[in-house]
Amino acid sequence: MNVDRITEKLNILADAAKYDVSCASSGSDRKNKDKGLGNASNGICHSYTEDGRCVSLLKILLTNHCIFDCAYCVSRKNNDIKRAAFTVQEVVDLTINFYRRNYIEGLFLSSGIFKDADYTMERLVRVAKKLRTEHNFNGYIHLKSIPGASEELMREAGLYADRLSVNLEMPTEAGLKLLAPDKNRQDMIDPMQFLKKEIIQNAEEKKLFKKAPMFAPAGQSTQVIVGATSESDEQVLQSANYFYKNFNLKRVYYSGYVPVLADQRLPALNTAVPLVRENRLYQADWLMRFYGFQVNEIVNNQNPLLDLDIDPKLSWAIRNMQVFPVDINKADLLMILRVPGIGLLSAQKIVAARKFARLGWEQLKKIGVAINRARYFITCNSNEFEKRDLTGQNIKQFIMASSQSKYIKNTQTQLNLF
Amino acid sequence: MNTLVYDGTFEGLLTAVFEIYERKLYPVKLLKGEWRNSALFEEVIPVVTDEARANRVLRGLRKKLSAAGVQRLYISHIAEVEGEDCNVLGFIRHVFDSDQNIEEDYGNRYVMRLSEILKMVRREKHRMEAFIRFQKLNDGTFYAAIEPDFNVLPLLIKHFKSRYADQKWMIYDIKRNYGLYYDLHDTQFIEMDFDELNKPVNVIAAYSEDECVYQSLWKNYFNSVNIVSRKNTKLHVRHIPKRYWRHLTEKI
């Protein structure tokens, strides 16, 4: 093994892959087979980079040679950077040896498009096949499905991989046309449609025959870049909602655009990464998936942008003061979930605990409710509650004054740079 | 106030519960360890662990709690979180003093505290599953040293055994001086005598040929995936507190 050469390749191809934010290694249920290596179930973050993102998978490109010229991508054809390519065996060896040392949960393999879609996809599938069949590797494998690849290859990929994903890249078709003129949105949607069909069919087969082979047990996900084009949060979230509903996606990832290239179509190179916006989008995404919110309750014509000062749940609450205060000891779970300062686990604990005794402030605090936010919106087993007739704006001011936003400092340092 | 001293085992704890109810010792303080070392001016009652009595209490608990509830109680105890014996005892008393199953009575301070302890212990267990870094030795064994906040090694058996079924491995808790060894068939607890020259941290001499290569590749990978323009040290340290760094290949 030529250590220096492998090291160089790893540096180039890990660096090129890092803008893909998907890191999940959960949702699969792959058992260790015949005393082989590994299993995949709940997902583990094995490390965290200095930017605070988790490292769960060996996330690399097979190659950063690419025939496309997408404006937002470091690996674009006309970008003057070092190019490299791994052999199939090199990726297999790295994965196995990292996995054995408990560095990773598995492999996330993507690639630039060299020659054509099928040629690229075939190589990705070959890596996964080798890991599964020759090395009895049962760890997590996430493969990119290359837009335009044939259905036979996609089907084979699904047999070896836990998760497959196609990146939509831009939230809207117009955005994609502007920045990636070579790419076609329909080419990205086709494989999603195909995978959705296969996954559903596989689930049916599983019901009939327990031994039916697994097909992408961790489902499919996608990623959109925000802040590179001028889409509003409403457009981004409507689009995410559409894909959740129509393609049974497990996750939509939002990637705050990191300026990597000078291009007049893109934000300037010294633009700060929209970290707060990205965070608010994820919060909104969680509200849609776990808290029973409809997308148009979070963003709509009157409020096309998420409030950057406060989280989207609080933002919704102060626009809808007529539904509060909520009686913690009586309201149903779905209503309690809508109270700012009460999370999923706290809400479940509240509903379980109130069967034994009515809950007061002290207990709510112990259970983990953020009282400084929730107190404006609830009543509980106590005579003390917010008696003033406050407007939504008042509450926003009080909460912002009493809590230290982790972002205020962040924004200042970002401003100070320029 | 009566002070009870027991041997620190789960059976010991259950025996203590038996004594408390049998002799109506309440209010009571429960301590772990040798009774001789306890405070001079208190009356100290040593608890002699008794399997039959412990089993009676356990049967009682099983009647009042779900199987998962008993398991949770057991985990909260064996993890040896310091100074929590009285809360565990409070929980058990609450179990016996109620007519119904009180597992979800989070308004009760003992039930809530037990759920907090369990959360701490599970987080530590999960951290070990994430942060353990095996080093391949020249006899083919994969070795890792750990210093967890709580005694979570027994909770790690299932995860590592079902994951690394085809390699020999050893996880050694150097804080509590015992380890877990898997020989391709089964796991067993072991204690090793490390003399000065052969400290568990000085395993570099026993590395397999390619160990340094993969460590260096991993460090390279770790640095390559960082996005400098998104640097967020506070978040980084919150996810990997500094006390874990000394055993993390990428942070050494």
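Analyst: Let's take helix 6 of chain A, where Pro191(A), Met192(A) and Leu195(A) are buried; buried means that 20 or more other C-beta atoms, placed from the backbone, lie within 10 Å of a residue's own. Before going further, this is a predicted model, where local features need pLDDT of at least 70 and side-chain atom pairs count only at pLDDT 80 or more, while totals for chains, interfaces and linings use all residues. Residues are numbered from 1 along each chain as its sequence is written, with chains lettered from A and ligands numbered from 1 in the order in which they are written. Helices (H or I, at least four residues) and strands (E, at least two) are DSSP runs, numbered from the N terminus.

So what do those buried residues of helix 6 pack against? On the helix side, they pack against helix 4 (151-160) and helix 7 (233-247) of chain A. Strand 6 (163-165) and strand 7 (220-226) of chain A are their other partners. Contact here means C-beta atoms, placed from the backbone, within 7 Å.

How about the helix's length? Helix 6 covers residues 185-208 of chain A, and because its 24 residues count 1.5 Å each, it should span 34 Å; the end C-alpha atoms are 36 Å apart, which agrees. That expected span is 1.5 Å times one less than the number of residues.

For context, UniProt places "domain: Radical SAM core" at residues 61-198 of chain A, in an unreviewed entry; such annotations may be inferred rather than shown by experiment, and positions follow the numbering used here. The span 61-198 is 45% helix and 10% strand, with its end C-alpha atoms 26 Å apart.

Elsewhere, 43 residues of chain A are in contact with 39 residues of chain B. Helix 1 of chain A gives the most to chain A's side, with seven residues.

Conventions: A residue is buried if 20 or more other C-beta atoms lie within 10 Å of its own, exposed if 12 or fewer, and partly exposed in between; C-beta atoms are placed from the backbone. Two residues are in contact if their C-beta atoms, placed from the backbone, lie within 7 Å.
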